[in-house]
Structure formats: C-alpha cells, structure tokens
Amino acid sequence: MSGEKLGHEDWRGNTQGLTWMHRLLIQSFRFMNLRFVYLGMAIFVVPFYLLFAHKGYITMYHYFRQRHGYGVWKAFRYVCLNHYRFGQIILDRFANYAGQPFQIDLDGNDTFVELSHGQTGFMVMSCHVGNYELAGYAFEATEKRFNALVYSGEAKTVMENRNRMFGRNNIRMIPALEDMSHIFLMNEALANGEIVSIPGDRIYGSPRFLECDFLGSKARFPLGPYAMALQRGVPTVAIFVMKESPYRYTAYIRRIEATEGKTRQERAASLAQHFAHELETILRKYPEQWFNYYEFWNHDEDAA
C-alpha cells in the first residue's frame with residue numbers, strides 16, 4: 001500500500017453534451033429504433049472521438065496490446081470496437097430514460113436474494129465495465145434500500161433521470177463530495193441494514209490504494225471500499241452488467257471474500273484481490289467493455 005494518489009484525476013467519466021442535446025435525444029428515443037441510432041453513432045461520433053480524444057485512444061491501445069497481448073492491427077480494431085461499445089452503453093441509458101425496455105439475464109442471483117433477506121446490510125462492488133447503472137433502472141430494491149455512490153459532477157439531465165428512475169425502485173443516490181461526507185452516509189446505511197454500492201476500481205478523494213495482480217501485471221485498486229466492508233463486517237458481492245446484444249444484458253453477481261490475512265490491511269488486500277480476479281474473468285470474456293480511459297496499470301515496459 002502507498003500514499004501516492006491513484007491516477008484517475010485526468011478522466012472523470014461524466015456524460016458529455018449540453019442539456020438540450022440530452023433532452024432531445026431522450027425525446028427521439030420515444031419513436032426511433034435503437035439500432036438506427038447505433039448506426040449514426042458508428043458513422044459520425046466514433047470516428048470523431050478516435051481522431052480527437054487521443055489520450056483515451058492511447059490508453060485503450062495499451063490495454064489491448066499489453067493486457068490481452070493482441071497484435072497491432074487487432075488492438076487497433078478493438079480500440080474502435082471499445083469506443084463503439086461505450087457509445088452504445090451511453091445511448092442505452094438514454095433509451096431507457098425514454099421507456100425502451102432492456103432484458104437483463106441474471107447469473108448468480110441466488111446470492112443477492114439470500115443477502116437481501118438477511119438481517120445485516122451488505123456491500124456491492126461495481127466497476128467501470130459494461131452498464132452497471134442499467135440494472136438500477138430495471139430492478140426494484142424490495143427488501144432493503146439500495147444506496148449507490150455516484151459521481152457528483154454528472155450532467156444535469158443524467159442526474160435528473162437517475163433520480164426519477166432510482167427513486168421509484170427504492171434506490172438512493174449518494175453523491176461523492178470533496179468533504180468526504182458521503183462516507184458517513186454509507187456507514188449509516190450499512191448500520192441500518194441497507195445495501196451500499198460503491199465502485200471497486202475507483203474512489204473519489206482518497207489517495208490510498210492496494211496493489212493487486214490483474215491481467216498479468218500489478219494494478220492499483222482503492223483501499224476505501226474494501227476497508228469499509230471489513231470494518232463494518234458485512235458481506236460483499238461484485239456485480240458486472242455486460243452488454244450482449246442491442247436490447248439484452250447479462251448481470252453477473254459474485255460473492256467475494258477475504259480468504260487470507262491476519263491484519264485488517266492484509267484482509268482488505270485479500271478482498272480486493274478476489275474482486276480483481278472476478279473482474280479479470282469478466283474482461284477475458286468481454287475485453288472491449290473496459291471503460292477506464294486512463295493508464296490503470298503501472299507500466300514498467302515501454303508502450304508497444
């Protein structure tokens with residue numbers, strides 16, 4: 001563990017575009033076919049980002065070359081596919097705001113149901129892969145209130161629609177704030193036997209991290225989420241919602257546990273490593289659905 005900061009400050013991941021553009025897009029989805037919008041995005045939007053969002057392009061190229069071992073042309077092809085898939089994910093959210101339904105198949109839901117009926121709260125580790133947010137629009141938290149940590153700098157239209165759709169499903173958003181007050185709200189929710197969802201690959205405002213073996217190299221994962229789970233003594237699951245086809249996703253729900261370590265720090269490292277292992281399994285199956293557009297790994301080797 002180190003006191004250095006995680007290297008994610010350069011890319012916050014907020015939805016781009018003006019408010020009127022977002023609202024026009026939502027209205028358009030009330031009568032337009034999703035596949036048609038995908039086509040327009042592939043022709044006009046994706047090439048623009050490939051040409052002008054150079055930093056995101058380079059980090060994805062490193063990811064496919066160094067983490068998956070792809071050759072030059074295959075890596076380039078997958079960079080294009082990654083940008084296209086990310087565009088689909090964003091469009092799917094707006095289509096859902098407009099009322100278009102998506103099918104979400106569940107893999108491992110028994111674990112979630114069992115914990116939902118338990119006496120204690122539990123934590124859900126999400127990640128910047130697939131479309132985790134879509135699950136919150138499709139499922140209602142009936143047994144326990146669901147508390148989701150979200151980036152406070154998101155676009156106004158996105159936050160408005162999140163509030164509307166999450167609110168009817170018994171899901172409360174907790175914005176991540178600079179004063180770290182969101183930590184108190186999450187601890188309170190766990191103490192009340194509720195569910196808390198937090199990104200397991202990134203946390204806002206904390207410089208402390210754990211190093212895990214991930215896709216063939218050491219990568220930094222935030223200490224905060226795993227330390228909180230152990231401090232509160234609550235069960236932990238990882239959930240990944242991955243795109244399969246235009247209107248279909250699969251939600252993978254996996255229990256993660258600290259299987260090694262005597263000290264709390266060692267157990268937090270073990271829990272984070274278990275999460276990294278589950279995430280690696282997902283990315284071996286869906287390599288193009290990794291959406292961390294910054295250098296996630298410590299690169300000892302020169303960029304290929």
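Phenylalanine 214 and tryptophan 290 are both buried, where buried means under 20% relative accessible area, exposed means over 50% and partly exposed lies in between, with a 1.4 Å probe and protein chains only. This is a predicted model, in which local features need pLDDT of at least 70 and side-chain atom pairs count only at pLDDT 80 or more, while totals for chains, interfaces and linings use all residues. Residues are numbered from 1 along each chain as its sequence is written, and side-chain values use heavy atoms, with hydrogens and water left out.

Let's stay with rings for a moment. Rings of Phe, Tyr and Trp (for Trp, the six-membered ring) pair if their centres lie within 6.5 Å; planes under 30 degrees apart count as stacked, over 60 as edge-to-face and the rest as tilted. By this rule there are 30 aromatic pairs. One of them is stacked: phenylalanine 64 and tyrosine 70, with 5.9 Å from centre to centre and 5° between the planes. Phenylalanine 64 is buried at a relative accessible area of 0%, and tyrosine 70 is buried at 12%. The pair of phenylalanine 214 and tryptophan 290 is tilted, with 5.9 Å between the centres and 55° between the planes. Because phenylalanine 214 lies in strand β6 (residues 209-214) and tryptophan 290 in the segment after α10, this pair ties together parts that are 76 residues apart in sequence.

Lysine 74 lies over the face of tyrosine 70, at 4.2 Å from the ring centre; a charge sits over a ring if NZ of Lys or CZ of Arg is within 6 Å of the ring centre and within 35 degrees of the ring normal.

Now step back to the whole chain. It has 10 helices and nine strands, where helices (H or I, at least four residues) and strands (E, at least two) are DSSP runs numbered from the N terminus. Buried residues make up 52% of the 304 residues. Of the contacts (heavy atoms within 4.5 Å) with a separation of 6 or more, 77% come from residues 24 or more positions apart.

What about charged partners? Side chains of opposite charge can pair when their charged atoms come close. Counting a salt bridge as a side-chain nitrogen of Lys or Arg within 4 Å of a carboxyl oxygen of Asp or Glu, the model has eight salt bridges. In one of them, glutamate 288 meets arginine 85, with the closest N and O atoms 3.5 Å apart. This pair links distant parts of the chain, since glutamate 288 is in the segment after α10 (264-285) and arginine 85 is in helix α4 (residues 72-97), 203 residues apart. Are these two residues buried or exposed? Glutamate 288 counts as buried at 9% relative accessibility, and arginine 85 counts as buried at 17%.

Another salt bridge joins lysine 218 and aspartate 213, at 2.9 Å from N to O. Here lysine 218 is partly exposed at 37%, and aspartate 213 is partly exposed at 44%. Arginine 284 is partly exposed, at 47% relative accessibility.

Helix α10 also has a packing partner. Two packed helices are described by the angle between their axes and the distance between the axes. Helix α9 (residues 223-232) and α10 pack at about 115°, with their axes 9 Å apart; axes are lines fitted to C-alpha atoms, for helices over the stretch in contact, and angles run from 0 to 180 degrees between N-to-C directions. From α9, the contact is made by Leu223, Tyr226, Ala227, Ala229, Leu230 and Gln231, and from α10 by Arg264, Arg267, Ala268, Leu271, Ala272 and Phe275.

Methionine 180 has a positive phi of about 65° although it is not a glycine. Methionine 180 sits in the loop between β4 (171-176) and α8 (181-191) and is partly exposed at 24%. Leucine 215, also not a glycine, has a positive phi near 55°. Leucine 215 is in the loop between β6 and β7 (217-222) and is buried, with a relative accessible area of 1%.
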